[in-house]
Amino acid sequence: MRADAPRRAGFQRAWFDGVVRTTGLFNSIGWWDFTAERTREIVAREAGHFRALGDDVEWQVYGHDQPLGLEIA
């Protein structure tokens, strides 16, 4: 469901190198597909991307999500 969530007014969704970026009224990463070895690289890249825009981003991590440890990366 999170990988292909229904469209909502005021939001744009785009896949970029392993993550789905949702931008608009708020910014979030709601789905991803990458290996544990790439976790720090991708988290740093996404934080940098939104920081460069002057925006915040929320990475929506749930207890069952993989790779393990994503919530502390």
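## First stop: the helix and the sheet

Select residues 39-52: this is helix α1, which lies across β1, β2, β3 and β4 and runs at about 15° to β2. That angle is between N-to-C directions, on a scale from 0 to 180 degrees, with axes as lines fitted to C-alpha atoms, for helices over the stretch in contact. Contact, here and below, means heavy atoms within 4.5 Å. Helices (H or I, at least four residues) and strands (E, at least two) are DSSP runs, numbered from the N terminus.

Before going on: this is a predicted model, where local features need pLDDT of at least 70 and side-chain atom pairs count only at pLDDT 80 or more, while totals for chains, interfaces and linings use all residues. Residues are numbered from 1 along each chain as its sequence is written, and side-chain values use heavy atoms, with hydrogens and water left out.

Switch to cartoon and trace the chain from the N terminus: the elements run β-β-β-α-β. The four strands form an open sheet in the order β1-β2-β3-β4, with mixed pairing; two strands pair if DSSP finds at least two bridges between them. β1 and β4 stand at the edges with a single partner strand each, so one side of each has no neighbour in the sheet.

Now zoom in on β3 and β4, which run parallel and are joined by two bridges. Pick S28 and you'll find its bridge partner in β4, E58.

## Second stop: the core

Which residues make up the largest nonpolar core? Select V19, I29, W32, F34, I42, V43, F50, W59 and L70, nine residues in all. Such a core is a set of buried Ala, Val, Leu, Ile, Met, Phe, Trp, Tyr and Cys residues joined through side-chain atoms within 4.5 Å. Buried means under 20% relative accessible area, exposed over 50%, and partly exposed in between (1.4 Å probe, protein chains only). α1 gives the largest share of this core, three residues.

Center on I29 next. Leaving out residues up to four places away in sequence, I29 touches V19, V20, R21, E46, F50, V57, E58, W59 and Q60.

Rings of Phe, Tyr and Trp (its six-membered ring) pair if their centres lie within 6.5 Å, and planes under 30 degrees apart count as stacked, over 60 as edge-to-face and the rest as tilted.

Start with F11 and F26: the ring centres are 4.8 Å apart and the planes are at 65°, so this pair is edge-to-face. F11 sits in strand β1 and F26 in the loop between β2 and β3 (28-32), 15 residues apart. F11 is buried at 15% relative accessibility, whereas F26 is partly exposed at 37%.

Then jump to W32 and W59, a tilted pair with centres 5.7 Å apart and planes at 55°. This one links W32 in strand β3 to W59 in strand β4 (residues 58-59), 27 residues apart. W32 is buried, with a relative accessible area of 6%.

## Last stop: a glycine in a loop

Finish at G18, in the loop between β1 (11-16) and β2 (19-24). Buried or exposed? G18 counts as buried, at 16% relative accessibility. Its contacts, again without residues up to four places away in sequence, are W31, W32, D33 and F34. Draw a C-alpha to C-alpha distance from G18 to I42 and you get 8.2 Å, across 24 residues of sequence.
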